[in-house]
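Please examine the model shown below with attention to its charged and aromatic side chains. The account that follows leads through their contacts in turn.

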Amino acid sequence: MAGTSKGEHRIGLLNGIAAYGMWGLVPLFWPLLKPAGAMEILAHRMVWSLVFVAVALVFVRRWAWAGELLRQPRRLALIAVAAAVITVNWGVYIWAVNSGHVVEASLGYFINPLMTIGLGVLLLKERLRPAQWAAVGVGFAAVVVLTVGYGRPPWISLCLAVSFATYGLVKKKVGLGGVESLAAETAIQFLPALAYLVWLSTRGDLTFATEGPAHATLLA
């Protein structure tokens, strides 16, 4: 049991490092999608996420959870909340990067772990060891230094941190697997996102259809 627990801890740590590492490289990608605006990029992310996750679910043949979720209004409502807050998070992040606010966006994801810890302690009644409190204190001090050095209230950072921490809390309450939860969230996002892309197309502003196949591939 001890070996299994240690192995799971190592895998979790590596997954966390990989996730934040890839997320940290995302600002290099968003500018490649110009002239698409932040809202079009966000809408494409919602639409194509559902397509790809649906293919994944077909491959692994996991569909029973969907019927169970539809019969549980409380969990379905939590999924809708998760979809809403991650939509805000994605949209602000994409806009911030493409508008030249990369540092403030990065600060948001530096603040986020502190927000997550705070929610865990206050709402989930989790307890930290003294060494963990010391680490939180160091992180908080670093945030204060960076914020003061930034020279103005980091509203973008706070929006990103609060929305992502809230998203994590809601996901924990829902209790669905990663792929299943993503499928449910993107299913809620899909129709509004698709309607927005159709509206852009009717106005002639949909870059997916006008900037060539390379641009369309990157958006997808």
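The model is predicted, so local features need pLDDT of at least 70 and side-chain atom pairs count only at pLDDT 80 or more, whereas totals for chains, interfaces and linings use all residues. Residues are numbered from 1 along each chain as its sequence is written, and side-chain values use heavy atoms, with hydrogens and water left out.

A salt bridge here is a side-chain nitrogen of Lys or Arg within 4 Å of a carboxyl oxygen of Asp or Glu. Across the whole structure, the search finds two salt bridges. In one of them, the side chains of Lys171 and Glu185 meet at 3.1 Å, N to O. This pair links distant parts of the chain, with Lys171 in helix 7 (residues 155-174) and Glu185 in helix 8 (residues 178-203), 14 residues apart. Helices are DSSP runs of H or I with at least four residues, and strands are runs of E with at least two, numbered from the N terminus. Accessibility is classed as buried under 20% relative accessible area, exposed over 50% and partly exposed in between (1.4 Å probe, protein chains only). Lys171 counts as partly exposed because its relative accessibility is 23%, while Glu185, at 1%, counts as buried. The other salt bridge joins the side chains of Asp205 and Arg203, also at 3.1 Å, N to O. Asp205 has a relative accessibility of 37% and therefore counts as partly exposed.

Rings of Phe, Tyr and Trp (its six-membered ring) pair if their centres lie within 6.5 Å; planes under 30 degrees apart count as stacked, over 60 as edge-to-face and the rest as tilted. The count by this rule is seven aromatic pairs. One of these is the tilted pair of Trp48 and Phe208, 6.2 Å centre to centre with 35° between the planes. Trp48 lies in helix 2 (residues 38-60) and Phe208 in the loop between helix 8 and helix 9 (213-219), 160 residues apart. Trp48 is partly exposed at 26%, as is Phe208 at 27%. Tyr196 and Trp199 have ring centres 5.9 Å apart and planes at 35°, so this pair is tilted. These two residues are about one helical turn apart because they are three residues apart in helix 8. Ring pairs also link Tyr93, Tyr109, Phe164 and Tyr167 into a cluster.

Finally, the charged end of Arg45 sits over the ring of Trp90, 4.1 Å from its centre. The criterion is NZ of Lys or CZ of Arg within 6 Å of the ring centre and within 35 degrees of the ring normal.
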